[in-house]
Amino acid sequence: MKQSHLFTKTKKESPSDEVSLNAELLIKAGFINKEMAGVYSYLPLGLMVIKKIENIIREEMNAIGGTEMKTSIFQNKETWEKTGRWSDDVVDNWFKTKLKSGGEVGLSFTNEEAYSNILKQYINSYKDLPIYPYDFKDIFRNETRSKSGILRGREFYWKALYSFSKNEEEHNEFYERAKLAYKNIFNRAGIGHLTYMTFASGGTFAKFSHEFQTLTGAGEDTIYIDEDKNIAINKEVYTDEVIESLGLNKDSLVEKKAIEVGNIFSLGTKFSEPFDLKYKNENGEEKLVTMGSYGIGLGRLMGTIVESLSDDKGIIWPESVAPFKVHLLLLGDDDKTKKEADKLYEELLSKSIEVLYDDRTDVSAGEKFADSDLIGIPFRVVVSKRSLEDHGFEIKKRTEEKGKIVGSEELFNLLETSH
RNA sequence: CGGGGUGUGGUGUAACGGCUAACAUUCCUGUUUUGGGAACAGGCGACUCUGGGUUCGAAUCCCAGCACCCCGACCA
């Protein structure tokens, strides 16, 4: 994509109504636009990142047997009354609205009810199980206080997978696979080294749920980490009894601030009971389905990456989620340099290397460098009079201070072997 | 929902109760520039969040509302 076609521009000043680093950088660099407190639009660059993250999650979910679908934002009152969660006394953060015909509808704030209701039609026999449907979906929560930029919004985009299993054993087997899939996701998203699987309260049907907590000062949660064993405990279950039951030692636990980027949860029969979600086993007996839920907030994950990987010049995207792999900068406006840069741009495109081409000729070199650092694309390639007088192109990683001048062959070699 | 703070051109800020609301940036015109947010010249852009009140006079003081930020509570 040519930068002259990208309508967003970077801002020099930080927005006055944002304090959080993720919102500040993402707004300055033109990834998102704030609509109101806790509500953000994703601009072209932001959407590219979201889609990259979405694809990573999709691949990992499909790899463990997930089946993608798309449930409606609109929620049926009757369905929710089955679990008692329609009531504002039980769930106080609903966004609800009225139909012209008189009824009420809610906007999704979670998906268990919708899934249980749909899957009831399709689960009859033990032969129908297990199944692992999932959604990418906008979720709405009327938070009393949204905060921290895109880390906690009133509207957010998430992935939710629900597992429907015959029994505890089958559920547990999948649950373990889901843990690994989640680890893969956060590794691939570039924050694996900062992310800990964390024991948290489990509800009625399991002793624990598991959160994936990424260390960042902007975190809302307090966790206690055992760095050797690479696991952590959420403050909410940080008791002597729990520490002991996990075989941990209080002295080796370190307190840290973290943000919850993912959560997996055993639901047992909490939802299959009210929905009468049963199957017939081999002996013709009716059994309740055992469920689990597995969520990741994509916007929150994006914000967390920004929070934990940026520097004082801007964002540093991991290659896996960066909007582009290469930021190609044209410096100078003489015909020869421009022609060389155009040619390189076409070559990158023909090799399917994602590139943002700063082809603007009315912008100074300094401004292009500053923009490039702020936007945070992993590789910066400069074409200028100076580079052409040497071997051809200057390539520099966003994480490096100095680049090096390389010829075309070496350039493509470097780009094609990196991912 | 409790507490605290802030609302001024698109953006970031300034302005003792008193002149035509200032500066920077963005944007537009032109000239010169092109390796770290270039230089010069000219120009566009504001009912100072809304509604009341005090005053000869309000961006400034008072009241109410709304919005945004922060702390806390809450967070399938």
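These legends accompany close-up views of a predicted model.

**View 1. Helix H4 and its buried residues.** Look for Glu112, Glu113, Ala114, Tyr115, Ser116 and Leu119, the residues of H4 that are buried.

**View 2. Helices H1 and H7 where they meet.** Here the axis of H1 (residues 21-28) comes within 8 Å of that of H7 (residues 298-309), with a crossing angle of roughly 95°. The two helices are therefore roughly perpendicular to each other. On the H1 side you will find Leu21, Asn22, Leu25 and Leu26, which meet Met302, Gly303, Val306 and Glu307 of H7.

**View 3. An open sheet of 5 strands.** Follow the strands in the order S18-S17-S19-S20-S21; their pairing is mixed. At the edges sit S18 (355-358) and S21 (404-406), each pairing on one side only. On average, neighbouring strands are turned by 25° against each other, direction ignored.

**View 4. The pairing of S19 with S20.** Zooming in, S19 (residues 379-383) and S20 (residues 393-397) are antiparallel partners joined over 4 bridges. Val382 can be found opposite Glu394 in S20.

**View 5. Helices H8 and H11 with the sheet strands.** H8 (residues 335-350) packs on the sheet and touches S17 (326-330), S18, S19 and S20. The direction of H8 makes about 165° with that of S17. H11 (residues 408-417) lies across S17, S19, S20 and S21, and runs at about 115° to S21.

Conventions. Residues numbered from 1 in each chain as written. Chains lettered and ligands numbered in written order. Predicted model: local features only at pLDDT ≥ 70, side-chain atom pairs only at ≥ 80, totals over all residues. Heavy atoms only, no water. Buried < 20%, exposed > 50% of the residue type's maximum accessible area, 1.4 Å probe, protein only. Axes fitted to C-alpha atoms, helices over the stretch in contact; angles between N-to-C directions. Parallel < 35°, antiparallel > 145°, perpendicular 65-115°, else oblique. Contact = heavy atoms within 4.5 Å. Pairing = 2+ DSSP bridges.
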